[in-house]
Amino acid sequence: MSFHESLLEQTAAERDYLLSAPIIRDAMAGTVTRASYVAFLGQAYHHVRHTVPLLMACGARLPPRLDWLRTAVIDYLREENGHEKWILDDIRACGADADAARDATPNLPTELMVAYVHDRIARDNPVSFFGMVLVLEGTSVALATRAAGVIQDRLGLPATAFSYLTSHGSLDQEHIEFFRSLMDRLDDDGDKAAVVHTARVVYRLYGDMFRSLPRAA
């Protein structure tokens, strides 16, 4: 079994916890509200805006034996830079206040998720960051494009309100293959354990983020 296959197997229970969030079922059933979708975008903004700083922190702390992984971090940086601005544009396209969303305090699970990964990079192992990559990109591939179509049909919102979801559904499909190749090059047990542990925790916190969003009465 490759490490990537083992990683998926070892985090299956936590992935199921995330995917069982009631609001995800609402989205797929077409019963999600505009307020719920805008709230999701607000929380997405507050973790996506940390993607580049987290990547920079990870790359800066990788040891020389992982120079090949630092090159991959640079590629991720080029891809991810500025994506938080797409989210603010989506909020505006929903007729909501993007400035208020930008200035709001994130929900506790969102804040804890970002702080946790920053801490793992700084105090434990910078490769931990890739546990978060598994969660966010894997979830996007599984849900983003399909959810965008259902939500748009249900709410009658313009396509311009879904640039973040629709772009990440297709973009992250490519990223997942890249991610798989990176994980299968890891040969240090400590690095592998750091990725698994971080993914398990981030799945829980991301699941709690979804559970913190408002639902239809």
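## Basis of the report

Residues are classed by relative accessible area: buried means under 20%, exposed over 50%, and partly exposed in between (1.4 Å probe, protein chains only). Phe178, at 29% relative accessibility, therefore counts as partly exposed.

This is a predicted model, in which local features need pLDDT of at least 70 and side-chain atom pairs count only at pLDDT 80 or more, while totals for chains, interfaces and linings use all residues. Residues are numbered from 1 along each chain as its sequence is written, and side-chain values use heavy atoms, with hydrogens and water left out.

## Aromatic pairs

A pair of aromatic rings is described by the distance of the centres and the angle of the planes. Rings of Phe, Tyr and Trp (its six-membered ring) pair if their centres lie within 6.5 Å; planes under 30 degrees apart count as stacked, over 60 as edge-to-face and the rest as tilted. Seven such pairs turn up in a search of the whole structure. In one of them, Phe40 and Phe210 are stacked, at 5.8 Å centre to centre and with 15° between the planes. This pair links distant parts of the chain, since Phe40 is in helix H4 (residues 34–48) and Phe210 in helix H12 (residues 189–211), 170 residues apart. Helices here are DSSP runs (H or I, at least four residues), numbered from the N terminus. Both Phe40 and Phe210 are buried.

The ring centres of Tyr76 and Phe178 are 5.5 Å apart and the planes stand at 45°, so this pair is tilted. Tyr76 belongs to helix H6 (residues 67–80) and Phe178 to helix H11 (residues 163–183), so the pair ties together parts that are 102 residues apart in sequence. Tyr76 counts as buried, at 3% relative accessibility. Elsewhere, ring pairs join Tyr37, Phe40, Phe162, Tyr206 and Phe210 into a cluster.

## Charges over rings

A charge sits over a ring if NZ of Lys or CZ of Arg is within 6 Å of the ring centre and within 35 degrees of the ring normal. Arg185 lies over the face of Trp68, 4.2 Å from the ring centre. The charged end of Arg211 is placed over the ring of Tyr17, at 3.9 Å from its centre.

## Helix H9

Helix H9 (residues 108–123) has 16 residues. Its buried residues are Pro109, Thr110, Met113, Val114, Tyr116, Val117, Arg120 and Ile121.

## Salt bridges

The structure holds ten salt bridges, each a side-chain nitrogen of Lys or Arg within 4 Å of a carboxyl oxygen of Asp or Glu. Arg215 forms one with Asp26, the closest N and O atoms being 2.8 Å apart. Arg215 is in the segment after H12 and Asp26 in helix H3 (residues 22–29), 189 residues apart. Arg215 counts as partly exposed at 48% relative accessibility, whereas Asp26 counts as buried at 12%.

Asp119 and Arg123 meet at 2.6 Å, N to O; both lie in helix H9, four residues apart, about one turn of the helix. Asp75 and Arg78 form a salt bridge with closest N and O atoms 3.2 Å apart, and both lie in helix H6, three residues apart. Asp99, Arg102 and Asp103 are linked in a network of salt bridges.

Key: Helix = DSSP H or I, 4+ residues; strand = E, 2+ residues; numbered from the N terminus. Expected span 1.5 Å × (residues − 1).
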